Amino acid sequence: MVRTTSVDTAWSNWAGNQRSVAETVLRPHDTTEVASAVRAAVETGARIRPVGSGHSFTGIAATDGRRMELTDLAEPVRVDRERRLVTVPAGMTLRALNELLAGHGLALPNLGDIDAQTISGALATGTHGTGARLGCLATAVEALTLVTGTGEVLRCTADEHPDVFAAARVGLGALGVVTELTLRCVDAFTLLAHERPAKLADVLADLPTLLEGHDHVEFYWFPYTDRVQVKTNDRVADDDRPLAPWRGWLDDDFLANTVFERACRLGRASPRLVPTIAAVSARALTERRYTGRSDRIFCTPRRVRFVEMEYGLPRAALGEALTALRRIVDGLPFKVLFPVEVRFTAPDDIWLSHGYGRESVYLAVHQYVGMPYEPYFRAFEAVAEGLGGRPHWGKLHYRDAASLAPVYPRFHDFQTLRTRLDPHRVFTNPYLTRVLG
Ligand SMILES: Cc1cc2nc3c(=O)[nH]c(=O)nc-3n(C[C@H](O)[C@H](O)[C@H](O)COP(=O)(O)OP(=O)(O)OC[C@H]3O[C@@H](n4cnc5c(N)ncnc54)[C@H](O)[C@@H]3O)c2cc1C
């Protein structure tokens with residue numbers, strides 16, 4: 001029997017820009033309970049939405065039907081140390097997964113900026129980190145268990161239900177409820193982070209060498225300036241230069257959260273100061289090197305609330321996209337408080353992954369909560385769409401199925417599979433109707 005509760009039906013996402021009230025909340029404990037909840041929904045014509053930690057900026061997880069939270073899933077954890085394969089319940093957070101892996105001398109090969117998401121939630125939207133030779137997080141999936149829209153339970157790998165496997169790793173929560181995941185890990189590793197300020201033009205000119213020479217490269221461009229902060233992460237021996245804990249707190253938490261929040265508030269209250277704040281921020285960030293456990297270097301706490309749009313583009317389009325972005329930012333009737341984040345990923349074979357079949361560069365535009373953003377995001381989207389861009393499924397965008405189909409070669413295959421796996425559209429919501437038809 002699936003546990004339900006009616007007291008916490010109201011839901012909002014991390015950024016606070018998406019809200020919904022569910023008819024009821026389901027908290028299944030295992031795959032069998034998920035399957036019976038789906039069959040019950042089919043019988044009554046109800047809808048179910050699996051949700052993670054609510055860290056998507058889009059309405060992808062919102063529902064006025066039955067919200068299914070997967071945090072109580074208690075499928076057993078299995079660790080095959082020799083083959084570096086770990087099987088976990090899908091609703092586990094990345095933070096808990098990272099701790100579990102570290103305890104077994106293992107790690108995920110790459111991660112994004114935070115670890116608050118559930119594993120299944122992060123995978124479902126194509127969450128990625130940076131690494132020109134590494135795909136998005138979903139490329140680490142070796143097997144998954146999916147409860148489809150008829151209540152059928154499918155175990156999927158590259159050999160078992162290969163079409164479902166190719167689609168459901170970045171499934172947008174549209175094909176079913178993922179209850180268990182087997183992830184291909186690597187031996188635990190230490191990263192040396194190197195952060196340094198630079199000129200945008202120099203970084204662009206040197207980009208092929210940077211990408212060739214480092215495991216993970218990203219940079220932040222400060223609007224109204226020609227400055228960037230470059231960050232590279234590379235594998236090193238475990239005892240290489242640890243950052244003093246107070247220094248880590250100062251840079252990662254105090255500067256990135258407390259001081260930055262104050263700067264954002266000041267900029268929101270006095271927009272004419274924003275270019276000066278951006279110039280001071282770009283100059284205030286100094287060069288530093290430090291090492292740490294891989295997940296602690298990849299992920300940092302984010303307490304300053306913002307909204308975000310992110311586009312995956314063919315890597316060759318980076319220069320053109322940044323030139324257009326500078327023009328857009330300078331022409332806006334309001335100021336942009338957040339730097340633009342630029343990251344890189346390798347091609348993969350997952351149908352709705354932003355990196356499907358191509359080397360990607362990701363450009364992420366942000367705005368502080370409470371500031372206008374739509375004209376900025378729409379103008380950037382027009383440029384990104386013209387360059388063959390694919391919007392992050394979990395970040396704000398304005399595209400629909402008709403405009404997305406041409407940029408995903410397997411888009412129609414995904415739609416056909418969706419109809420096969422979820423013929424009654426148990427899992428749909430307004431966002432999925434917009435982006436998948
Ligand atoms: C501060 C911040 C930093 C971020 N940094 C990054 C980053 O570095 N890189 C990046 O790519 N993205 C990043 N994101 C975006 C984030 O990773 C994605 O939006 C992610 O999908 C959120 O995961 P979640 O667990 O909160 O899932 P939710 O947002 O709750 O749900 C996302 C999707 O997952 C589906 N889902 C959840 N569980 C299941 C399940 N068991 N079965 C089937 N479907 C399921 C839901 O139906 C929904 O479609 C960031 C977001 C924030 C707020």
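Trainee: In which sense do strand β8 and strand β12 pair, and over how many bridges?

Mentor: Before I answer, note that this is a predicted model, in which local features need pLDDT of at least 70 and side-chain atom pairs count only at pLDDT 80 or more, while totals for chains, interfaces and linings use all residues. Residues are numbered from 1 along each chain as its sequence is written, and side-chain values use heavy atoms, with hydrogens and water left out. Strands (E, at least two residues) and helices (H or I, at least four) are DSSP runs numbered from the N terminus, and two strands pair if DSSP finds at least two bridges between them. In β12, Leu85 has Arg184 as its bridge partner, and β8 (residues 85-89) and β12 (residues 177-184) pair in the antiparallel sense over five bridges.

Trainee: Which strands form the edges of the sheet?

Mentor: The sheet is open, with five strands in the order β7-β8-β12-β10-β11 and antiparallel pairing. An edge strand pairs on one side only, and here the edge strands are β7 (78-80) and β11 (153-156).

Trainee: What angle does helix α1 make with β10?

Mentor: Helix α1 (residues 31-44) packs on the sheet and touches β10 (141-147), β11 and β12, where contact means heavy atoms within 4.5 Å. Axes are lines fitted to C-alpha atoms, for helices over the stretch in contact, and angles run from 0 to 180 degrees between N-to-C directions. On that basis, the direction of α1 makes with that of β10 an angle of about 45 degrees.

Trainee: Why is β10 described as largely enclosed by the rest of the structure?

Mentor: β10 pairs with β12 over six bridges, and four bridges join β10 to β11. Buried means under 20% relative accessible area, exposed over 50% and partly exposed in between, using a 1.4 Å probe and protein chains only. β10 is largely enclosed because the number of its seven residues that are buried is six.

Trainee: How far apart are the centres of domain 1 and domain 2?

Mentor: The bounds, domain 1 (78-187) and domain 2 (190-401), come from an automatic or database domain assignment. Their contact takes 32 residues from domain 1 and 35 residues from domain 2. Taken over C-alpha atoms, the separation of the two centres is 25 Å.

Trainee: Is Asn429 buried or exposed?

Mentor: Asn429 is found in the loop between α13 (411-421) and α14 (430-436). Leaving aside neighbours within four places in sequence, Asn429 is in contact with Arg49, Gly59, Ile60, Ala61 and Ala62. With a relative accessible area of 4%, Asn429 is buried.
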